[in-house]
Amino acid sequence: MSWALVKNGTVERIINTPTNITVNGVTHPRSIFSNWSADQLAAIGVLPYSEEKVDNRYYWSGNVTYSVGPTAVTGSYNGTGRDVDSLKDGMLAEVKTKAAAKLAPTDWMVIRAAEGGTAVSEEVSTYRAAVRSHSNDLETAINALSDLAAVIAFDNKAFVEVRKVKHDAENEDGTTTTTYGPETEENNRTIRGVDAGWPTDPLAEVDPAFVSLTEAE
């Protein structure tokens with residue numbers, strides 16, 4: 001917890017760690033921060049302090065402005081938007097990296113087939129084509145983002161995930177049997193645009209609880 005030392009409505013000091021403080025010529029030990037009530041601290045101008053920081057993913061942090069209330073102080077930082085083109089370049093690079101990572105586990109199959117070996121299965125071929133297609137779609141969507149607000153919205157998409165409820169049952173021999181459903185539960189999730197919508201790897205382990213993940217309306 002942090003505190004602000006306030007005098008005549010002006011913040012004189014931010015206290016992030018309990019320490020000895022001198023107020024109006026009187027030195028108080030750091031123990032007051034744990035032993036005194038909020039009213040006692042407020043009586044000498046010490047109020048709880050919190051900060052409202054900018055999201056450093058999208059803004060450069062500037063100067064802080066203090067809002068002094070009767071029972072607490074809030075510090076709010078000014079923010080300067082980051083360069084949109086630079087943010088988009090970063091997203092585009094992420095998409096390419098993610099696509100390459102998803103294709104890498106089956107690249108050897110393509111190489112084997114190209115060298116006259118076993119053909120790539122239709123299932124894997126379809127998946128690889130879907131990865132490339134989704135990568136292209138994401139790049140098109142990112143290139144179309146026109147301002148910082150659009151970048152932030154794309155980077156913070158709202159989704160609803162439905163999962164089967166997990167049940168653990170103890171057996172007579174001491175082992176545990178795990179089953180899922182039929183009950184389901186919904187959870188709201190925020191997913192970055194570069195992470196959303198990728199096709200499911202047919203060779204990946206199946207999540208037994210997963211039902212659906214859809215973008216919120």
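Modeller: Gladly! Keep in mind that this is a predicted model. Its largest pocket has a volume of about 480 Å³.

Biologist: Which strand gives the largest share of the lining of the largest pocket?

Modeller: The lining of this pocket has 18 residues, and Trp-198, Thr-200, Asp-207, Phe-210 and Leu-213 are those nearest its centre. Strand 8 (157-170), strand 9 (176-191) and strand 10 (210-215) each bring at least two residues to the lining. The largest share is three residues, and they come from strand 8.

Biologist: How are helix 3 and helix 4 oriented, roughly parallel or roughly antiparallel?

Modeller: Two packed helices are described by the angle and the distance between their axes. Here the axes of helix 3 (residues 84-114) and helix 4 (residues 122-143) come within 10 Å and cross at roughly 175°. Angles over 145 degrees count as roughly antiparallel. So helix 3 and helix 4 are roughly antiparallel.

Biologist: Is Asn-8 buried or exposed?

Modeller: Asn-8 is in the loop between strand 1 (2-7) and strand 2 (10-15). Its phi is positive, about 55°, although Asn-8 is not a glycine. The relative accessible area of Asn-8 is 76%, and over 50% counts as exposed. Therefore Asn-8 is exposed.

Technical notes
Residues are numbered from 1 along each chain as its sequence is written. This is a predicted model: local features need pLDDT of at least 70, side-chain atom pairs count only at pLDDT 80 or more; totals for chains, interfaces and linings use all residues. Side-chain values use heavy atoms; hydrogens and water are left out. On a 1 Å grid over the protein atoms alone, a cavity is a set of points where a 1.4 Å probe fits but cannot get out, and a pocket is an open set with protein on both sides within 12 Å along at least five of seven lines; lining residues have an atom within 4 Å of a point. Grid points are joined across faces, edges and corners, and a volume is the space filled by probe spheres set on the points. Helices (H or I, at least four residues) and strands (E, at least two) are DSSP runs, numbered from the N terminus. Axes are lines fitted to C-alpha atoms, for helices over the stretch in contact, and angles run from 0 to 180 degrees between N-to-C directions. Angles under 35 degrees count as roughly parallel, over 145 as roughly antiparallel, 65 to 115 as roughly perpendicular and the rest as oblique. Buried means under 20% relative accessible area, exposed over 50%, partly exposed in between (1.4 Å probe, protein chains only).
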